[in-house]
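This report looks at contacts between side chains, taking aromatic rings and charged groups in turn. Please keep the sequence and the structure in view while reading.

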Amino acid sequence: MTQPTISSQRHAVVLAAGKSTRFKSEKPKLVHPLCGKPMICHILDKIALLDVANTIVVLGHESESVREALSGYPVQYVIQEEQLGTGHATMCAVPILQNLSGSVLVVYGDTPLISVETLKRLFTCREEVDADEVILTVETPEPHGYGRIIRDPDNRPLRIVEEKDTSPEQKAIREVNAGFVCFKVSSLLRYLPMLSSQNAAGEYYLTDMLALLREHGGKVVTVPASSVEETTGINSREELARAESQLRLEIAVKWMREGVTILNPATVYLDPDVVVGPDTRIYPGVIIEGQTVIGPRCTIYSGCHLVDAVLEEDVVVDQCSVIRRSRVGRGTTVGPFAHLREHCQVAENVRIGNFVEVKKSVIGAGTKAAHHAYLGDAEIGREVNIGAGTITCNYDGVHKNKTTIEDQVFVGSDSQLIAPVTIHRGAYVAAGSSITDDVPPGALAIARSRQINKEGWAAAKTKTKEKE
């Protein structure tokens with residue numbers, strides 16, 4: 001047995017030129033979101049874990065939107081001007097492949113469910129047995145639409161017959177081509193030009209490489225897929241929805257195995273790049289997206305939505321709260337019905353209570369805003385009390401202005417802090433005040449009109465109504 005080649009001799013071709021007829025969309029199906037990212041990104045993410053030296057993406061229909069979706073990936077692009085089949089699409093990658101050696105994996109951009117382990121097995125098998133081609137196959141009770149695997153009397157793969165070209169006997173075969181194949185680069189380059197379009201579809205089938213290689217004495221082997229589901233291509237919005245459910249369940253199971261409690265995985269939506277610490281508890285109906293990182297021993301109650309958030313340990317996010325692109329410190333409680341908008345930095349042991357909205361603000365340790373407040377463009381110190389109904393009036397119609405509240409300030413209920421303004425350390429703001437000037441340290445600020453009581457007014461008002 002020959003030794004496997006080094007990882008730098010591994011390459012990949014991603015076929016992404018097909019149209020999305022059944023999606024009935026103005027954009028290609030490969031950029032439709034799946035678990036928070038364009039569908040094609042899932043297969044690129046998995047290829048990135050295979051130590052592949054070169055990844056070539058074959059583009060066609062509306063290629064610019066696919067390029068945009070892959071802008072962060074180190075890939076090379078080639079264009080398939082006419083869609084003349086998978087063999088023709090692979091031919092478009094030849095100008096790059098002809099300078100390479102080793103193994104090349106050919107995959108489809110609409111197969112996001114394939115596992116990294118299965119892709120690794122294709123590379124490893126090709127290298128260990130020095131095969132010219134390794135084909136991924138799968139047994140399915142419903143083979144309609146798939147190319148059938150035809151074997152010789154010694155059970156070796158002989159050819160693949162596409163659905164349109166099958167005889168009645170061949171239609172009964174349950175072993176089918178799963179659509180993933182790994183070639184020796186030199187063998188692919190030698191025999192790819194020999195493909196013919198003499199078939200029912202008038203296309204160049206990459207699957208015909210099996211018969212070509214066998215005809216010329218090449219070595220072709222098969223590798224079984226782990227399941228039918230992992231080989232499934234996405235061709236409609238119904239299939240996209242099923243793939244979404246399966247991927248999200250896989251993500252949930254992954255984190256449960258890492259010590260996270262998810263009470264009802266079928267109702268929890270975790271994006272693939274989310275990180276969750278052990279002993280965290282996630283209730284039903286939670287959506288966690290983007291690059292969110294959740295520390296150990298947190299609790300996320302139902303109805304919450306987190307996007308690109310960072311939660312340190314022992315944080316509680318109570319029901320129906322939203323946190324976007326913000327950081328929450330250890331032991332802090334957010335919600336219920338709270339909203340941390342973009343660019344908030346909330347320190348440890350803070351209380352952001354029900355119906356409190358915070359935007360682009362820094363909140364110091366131990367501070368409490370228990371209910372019904374808006375804190376925007378504010379820098380708030382430690383151990384501050386924010387009374388119910390407090391508003392930082394940050395917008396003057398042209399500019400957003402800053403409110404500064406230093407440590408150990410007490411802000412009474414129903415106060416308006418009209419920015420730019422500073423409430424210095426240890427000061428008090430009386431309830432119902434509209435603060436327009438800075439408040440000195442330790443001072444009490446009262447900014448409300450004087451109360452006037454008119455004795456007997458109510459009785460007089462009643463008598464006037466009776467006369468009318």
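Is Asp152 buried or exposed, going by its relative accessibility? With a relative accessibility of 10%, Asp152 counts as buried, because buried means under 20% relative accessible area. The model is a predicted one, and every value below should be read with that in mind.

## Salt bridges around Asp152

Asp152 forms a salt bridge with Arg214, in which the closest N and O atoms are 3.2 Å apart. Asp152 lies in the loop between strand 8 (148–151) and strand 9 (157–161), while Arg214 belongs to helix 8 (residues 209–215), so the pair ties together parts that are 62 residues apart in sequence.

The two partners can also be described by their accessibility: Asp152 counts as buried, whereas Arg214 is partly exposed, with a relative accessible area of 22%.

## Two further salt bridges

A salt bridge also joins Asp110 and Lys29, whose closest N and O atoms are 2.8 Å apart. This pair links distant parts of the chain, since Asp110 is in the loop between strand 6 (103–108) and helix 5 (116–128) and Lys29 is in the loop between strand 1 (10–16) and strand 2 (33–34), 81 residues apart. Both Asp110 and Lys29 are buried.

Arg325 forms a salt bridge with Asp308, and here the closest N and O atoms are 3.5 Å apart. Arg325 lies in the loop between strand 22 (322–324) and strand 23 (327–328), and Asp308 in the loop between strand 19 (305–307) and strand 20 (310–311), so the pair ties together parts that are 17 residues apart in sequence. Arg325 counts as partly exposed at 39% relative accessibility, and Asp308 is partly exposed with a relative accessible area of 26%. Elsewhere, salt bridges that share partners join Asp152, Asp154, Arg156 and Arg214 into one network.

## Aromatic pairs

A pair of aromatic rings is described by the distance of the centres and the angle of the planes. The count of aromatic pairs in this structure comes to three. In one of them, the rings of Phe337 and Phe355 have their centres 5.1 Å apart and their planes at 5°, so the pair is stacked, as planes under 30 degrees apart count as stacked. Phe337 lies in the loop between strand 24 (333–334) and strand 25 (339–340), and Phe355 in strand 27 (residues 351–359), so the pair ties together parts that are 18 residues apart in sequence. Phe337 is partly exposed, with a relative accessible area of 41%, and Phe355 counts as partly exposed at 45% relative accessibility.

Phe410 and Tyr428 also form a stacked aromatic pair, with 5.4 Å from centre to centre and 25° between the planes. This pair links distant parts of the chain, with Phe410 in strand 34 (residues 410–411) and Tyr428 in strand 37 (residues 428–429), 18 residues apart. Phe410 is partly exposed, with a relative accessible area of 36%, and Tyr428 is partly exposed, with a relative accessible area of 45%.

## Charges over rings

Arg67 lies over the face of Tyr77, at 4.5 Å from the ring centre, and the charged end of Lys400 sits over the ring of Tyr395, 5.5 Å from its centre.

Definitions and conventions
Residues are numbered from 1 along each chain as its sequence is written. This is a predicted model: local features need pLDDT of at least 70, side-chain atom pairs count only at pLDDT 80 or more; totals for chains, interfaces and linings use all residues. Side-chain values use heavy atoms; hydrogens and water are left out. Rings of Phe, Tyr and Trp (its six-membered ring) pair if their centres lie within 6.5 Å; planes under 30 degrees apart count as stacked, over 60 as edge-to-face and the rest as tilted. Helices (H or I, at least four residues) and strands (E, at least two) are DSSP runs, numbered from the N terminus. Buried means under 20% relative accessible area, exposed over 50%, partly exposed in between (1.4 Å probe, protein chains only). A charge sits over a ring if NZ of Lys or CZ of Arg is within 6 Å of the ring centre and within 35 degrees of the ring normal. A salt bridge is a side-chain nitrogen of Lys or Arg within 4 Å of a carboxyl oxygen of Asp or Glu.
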